Amino acid sequence: MAREPPDSIGVDSSVRFSIAATNCTVQYGPDSVRLIQPPVRLSSRVRRRRCCCELNWLPSDPRSLNQTGNRPRADARFLRVFQYSLMGRRPNVRALPLSEVDRLGWTTERHGTIVGHWTSEKNFMALDKIARTRGGLYGLLIGDALGVPYEFSTPDSLPARHLIEMSPPDDFSRAHSSVPPGTWSDDGAQALVLLDSLLQYATLDLRHFTNGLLDWYRYGFMTPDGTVFDIGNQTRYALENFARHGNPLTCSPVDDWSNGNGSLMRTLPCALVGALTPTEVVARARQQSLPTHAHPRSQLACALYAVMAWRMVDGEGPVEGLDFAQDFVESTLDPSERSEFFTILDGRLDPSKGSGYVVDSLWSAIRSVLATSDYESCVRLAISLGNDTDTTACIAGGLAGILYGEQGIPDRWRQALKGEVIVEEMLARVTEV
Ligand SMILES: [Mg+2]
């Protein structure tokens, strides 16, 4: 008989993600309990392999699970035990084909589709990584789209935090009023351009990537409807420069005032594609910043964020991920860059303003992740800071999406997001790498 998990597992950030699974169905037989998860959106390759999970753990009294007639419901404690298993810390979970489920004659109460192909601890972790990766990209895009109507607003002119939705309250004067709710902006589009480029050239071909950015600017590449409705001044300047001269290494301004958050907002894919070393993550993150935000401060902010996200994709919590990222990026610094790096670290002591300055933007986003315990609260907090709401929520939402996984993102926001076909196509490529 397996040991029961400690009561404190709920504080583990990686478990918090899993608890987001709701509407689970419990089936129990004579000596074990089985819980079926609602569908997790996985690549079609995985989705075809349908199975459920069996947990060889019998509660001391099965009736302690809440029961309503023939429809048992998981209580919170049981969910925690199950989720704990899902994280691969109890290797006594095995896959059970649906045909087996029927043959065993268990009580069957099914809601929706059962997905997953979980045969070992290793596969559990792999699946979980897919959920975090998908959560990261959706989290970024949904945070961006959610923040679009509130862009440029001061904090005190925003609706109450619980009213922040894709469609703002009627009495709120929204930004970009012609843009349909649920549309990601320049942040999401540029992140998808980077993802597309990384999937073709894992070490990042800067010319290919910058041409992708130019295609976005000119033709709406990687937008849900071909429309570009928002572009930062620095990015516009750099891309027009690139269009004239064709050199991605010389088109960006490099003065101290050219440290907007325009490259930070698109950095996340550096942490999502392929199995990498942190050295490679830093290299990618810095390079992708060069065409539009070449100043070392911008590059290092991107590197810090990408390494933190990369650790979180592997299952680490945000605090540990950030600690690792700080130590690692510091170890890679050229001596001439140390003061820039400490300018970034010192920025965490300043109040979060949700502005377009890369240092404030980074800490506003990270603080939103650290101060909340679910995706919804995180992106709403980021938006409530006002100003560059879509970008703060995009940067925070990418991390929160990784932390809580795809299932931690509210369904109503998933359904409201435009351009899902584009996202799914990209994610199918990511999970096949
Ligand atoms: Mg934007």
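Reader: Hello! How do helix H14 and helix H15 cross, and how far apart are their axes?

Author: Welcome! In this predicted model, the axes of H14 (residues 358–370) and H15 (residues 375–384) cross at roughly 145 degrees and come within 8 Å. H14 passes H15 in a right-handed crossing. On the H14 side the contact is made by Ser364, Ala365, Ser368 and Val369, and on the H15 side by Cys378, Leu381 and Ala382.

Reader: What makes up that contact of H14 with H15, by class of residue?

Author: Five of its residues are nonpolar, two are polar and none is charged.

Reader: Why is H15 called mostly covered?

Author: A residue is buried if 20 or more other C-beta atoms lie within 10 Å of its own, and nine of the 10 residues of H15 are buried. Among them are Cys378, Leu381 and Ala382, along with Glu376 and Arg380.

Reader: What happens to the backbone just after H15?

Author: Gly386 takes a positive phi of about 80 degrees there. Asn387 has a positive phi too, of about 65 degrees, although Asn387 is not a glycine. Asn387 belongs to the loop between H15 and helix H16 (389–404).

Reader: How do you know whether Asn387 is buried or exposed?

Author: Count its neighbours: Asn387 has 21 C-beta neighbours inside 10 Å.

Reader: Which other residue has a positive phi although it is not a glycine?

Author: Leu204 does, with a phi of about 75 degrees. Its place is the loop between helix H6 (186–200) and H7. Leu204 has 22 C-beta neighbours inside 10 Å, so Leu204 counts as buried.

Reader: And why does Ser339 count as buried or exposed?

Author: The cut-off for exposed is 12 or fewer neighbours. Ser339 has 11 inside 10 Å, so Ser339 counts as exposed. Ser339 lies in helix H13 (residues 338–346). From Ser339 to Arg297 is 42 residues in sequence, while their C-alpha atoms are 9.2 Å apart in space.

Reader: How are H7 and H8 placed relative to each other, and why is it called that?

Author: H7 (residues 206–219) and H8 (residues 233–245) pack at an angle of about 115 degrees, with axes 10 Å apart. The range for roughly perpendicular is 65 to 115 degrees, so H7 and H8 are described as roughly perpendicular to each other. H7 passes H8 in a left-handed crossing. Thr210, Leu213, Leu214 and Tyr217 of H7 meet Leu239, Phe242 and Ala243 of H8 in this contact. By class, six of those residues are nonpolar, one is polar and none is charged.

Reader: What makes Leu362 stand out in the largest nonpolar core?

Author: That core has 86 residues, and Leu362 is one of those that touch the most other members, along with Ala301, Leu304, Ala306, Val307, Ala309 and Ala396. Helix H11 (residues 296–313) gives the most to this core, with 13 residues. Beyond its neighbours within four places in sequence, Leu362 is in contact with Leu264, Ala301, Tyr305 and Ile344.

Reader: How much of the whole protein is buried?

Author: Of its 433 residues, 48% count as buried. The secondary structure comes to 18 helices and six strands. Among contacts with a separation of 6 or more, 73% join residues 24 or more positions apart.

Terms used: Residues are numbered from 1 along each chain as its sequence is written. This is a predicted model: local features need pLDDT of at least 70, side-chain atom pairs count only at pLDDT 80 or more; totals for chains, interfaces and linings use all residues. A nonpolar core is a set of buried Ala, Val, Leu, Ile, Met, Phe, Trp, Tyr and Cys residues joined through C-beta atoms within 7 Å. Helices (H or I, at least four residues) and strands (E, at least two) are DSSP runs, numbered from the N terminus. Two residues are in contact if their C-beta atoms, placed from the backbone, lie within 7 Å. Axes are lines fitted to C-alpha atoms, for helices over the stretch in contact, and angles run from 0 to 180 degrees between N-to-C directions. Angles under 35 degrees count as roughly parallel, over 145 as roughly antiparallel, 65 to 115 as roughly perpendicular and the rest as oblique. A crossing is left-handed if the near helix is turned anticlockwise from the far one by less than a right angle, and right-handed if clockwise. Ala, Val, Leu, Ile, Met, Phe, Trp, Tyr, Cys and Pro count as nonpolar, Asp, Glu, Lys and Arg as charged, and the others, Gly among them, as polar.
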